[in-house]
Amino acid sequence: MSAVIRRATRVLLLGAGILALLFSATPAQAHGMSSVAYADLSSGGTGVVRAKLQLEYDLLVVSAADAAQDDAFFQAGTAAFEERDAAQQAAALEQYRGDVTGYVAQHFRIDAGGADCTPTLADPITMTAQDGVPYAVLEFDYACPPSENGHAVVSTLFPDDEGFVTGTKTILTYALDIHDGSTVLDAEHPSFTTAQTTLERFWEFFRLGAEHLLTGIDHILFLLALIVGSRRLREVVIAATTFTLAHSVTFILAATGLVAAPAEIVEPTIALSIAVVGAWYLWRLWRGGKVDQDLSHAHGFLRLDRAGWLRVGVVFLFGLVHGLGFASALGIDEPWSWTLLWSLLVFNIGIEAVQIGIIVVVFPLLVLLRRRFPRIGMWASGLLAVVVTVAGLIWFVQRILGIE
């Protein structure tokens, strides 16, 4: 069948849909003179972008068959459409996967670093419906070359010059390259990119680091446990700096894929670290020692006593584990580069900025309370330590048992 006949058939199908819309009370089963495509992008692993496309079935059939000059595909796809059988429609597309892949590869492109990504139709084709109209669900894996700065997407699906529809829009959602959001692509604005300037990229990582600590109640409680167990500013600064150095090491190693640890171990250990550091203060309090005493009489390196250095060692070990937890928040899948390394350091700086802010606000208030009202200060510190310890123990049990 010639392209002219196929296009004529397409017009007849569209006319039937319009008549059905005008003269029946049920929703139309064919689209009007425009179409909407849906695309969802996510990471499929290192160097792979997973694209889940939802495309109007009959439009995909006629466009892909016309592009491939494949009359058999057109006949099989049209027959399945007229039968309104989803299984038959999926089977027709599966039978002509090559034509479908070729059309999508030409009209929905992704590139990384200026080089095209290669699409592969990954999963079996399935069917769904949008407003009563059958849509094909296609999942592609785009194999991309290494890129340090995002991906570009171009959609020219079902363009006006094919003569079947006008004004096709592609609704694009994405969770890719440390970004998530949505946009609409059309003939006037067919492209979108996740690429950023260096400043934009660093700000994004700084913001992500700050937000991660602010929204991570477990990390905040660990920091509060460090604060409440410190007797002078020097001690909390040394503990916080030790924690920073420790989690920076494992954070960068894990985020760049050089080390790995299962979440089933990391998450319970983080919870246990919170409980241990909080209980440490309670134990000293229970022993009746002057846990809030001034350290001016302490001697040795950095003027820390034996208990202070033991605490620093424990904080360092737990900081190594927390770094693995920080890394899991990013899900980095781009290749190692100096740009990536600096971005990770900026993410870490974002974490530290919030950490320092909490110390600056909380510790002076705690010191003031301890000096003006020693008994109230002791009880307030003890109560906070109890809350931190109990929360850590509850999370530890929940994470061990896999309870959400």
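Visitor: How many helices and strands does the protein have?
Guide: This is a predicted model, in which local features need pLDDT of at least 70 and side-chain atom pairs count only at pLDDT 80 or more, while totals for chains, interfaces and linings use all residues. Residues are numbered from 1 along each chain as its sequence is written, and side-chain values use heavy atoms, with hydrogens and water left out. Helices (H or I, at least four residues) and strands (E, at least two) are DSSP runs numbered from the N terminus, and by that reading the secondary structure comes to 12 helices and 11 strands.

Visitor: What share of the residues in the protein is buried?
Guide: A residue is called buried under 20% relative accessible area, exposed over 50%, and partly exposed in between, using a 1.4 Å probe and protein chains only. Of the 404 residues in the protein, the buried ones make up 47%.

Visitor: How many salt bridges does a search of the whole structure find?
Guide: Side chains of opposite charge can pair when their charged atoms come close. A salt bridge here is a side-chain nitrogen of Lys or Arg within 4 Å of a carboxyl oxygen of Asp or Glu. Some of these residues are linked in a network, formed by Arg50, Asp123, Glu139 and Asp141, and the search of the whole structure gives a total of eight.

Visitor: Which helix holds both Glu211 and Arg207?
Guide: Glu211 forms a salt bridge with Arg207, the closest N and O atoms being 2.8 Å apart. Glu211 is partly exposed at a relative accessible area of 35%, and Arg207 is partly exposed at 26%. The two residues are four apart, about one turn of the helix, and both lie in H6.

Visitor: How many residues apart in sequence are the parts that Asp218 and Arg399 tie together?
Guide: Asp218 and Arg399 form a salt bridge whose closest N and O atoms are 3.4 Å apart. Asp218 lies in helix H7 (residues 217–228) and Arg399 in helix H12 (residues 374–401), so the pair ties together parts whose separation in sequence is 181 residues.

Visitor: Which side chain of opposite charge is nearest to Glu352, and how far away is it?
Guide: Glu352 lies in helix H11 (residues 338–372), and its side chain makes a polar contact of 2.8 Å with that of His247; such a contact is a pair of N or O atoms within 3.5 Å, where within protein one must be able to donate a hydrogen and the other to accept it, and residues adjacent in sequence count only if both atoms are side-chain atoms. In counting charge, Lys and Arg are positive and Asp and Glu negative, while His and the chain ends are not counted. Glu352 is buried yet has no salt bridge, and the nearest side chain of opposite charge is Arg311, at 14 Å.

Visitor: Is Val360 buried or exposed?
Guide: Val360 also lies in helix H11. Because its relative accessible area is 55%, Val360 counts as exposed.

Visitor: Which residue has a positive phi of about 50°?
Guide: Most residues other than glycine have a negative phi, and most peptide bonds are trans. Gln69, in the loop between helix H2 (57–68) and helix H3 (71–83), has a positive phi of about 55° although it is not a glycine. The residue with the value of about 50° is found in the loop between strand S8 (151–155) and strand S9 (169–176) and is buried, with a relative accessible area of 1%; it is Phe158.

Visitor: Which backbone nitrogen does the side chain of Asp70 reach?
Guide: Asp70 lies in the loop between H2 and H3, and at 17% relative accessibility it counts as buried. Leaving aside neighbours within four places in sequence, Asp70 is in contact (heavy atoms within 4.5 Å) with Ala65, Tyr96 and Asp99. Its side chain reaches, at 3.2 Å, the backbone nitrogen of Phe73.
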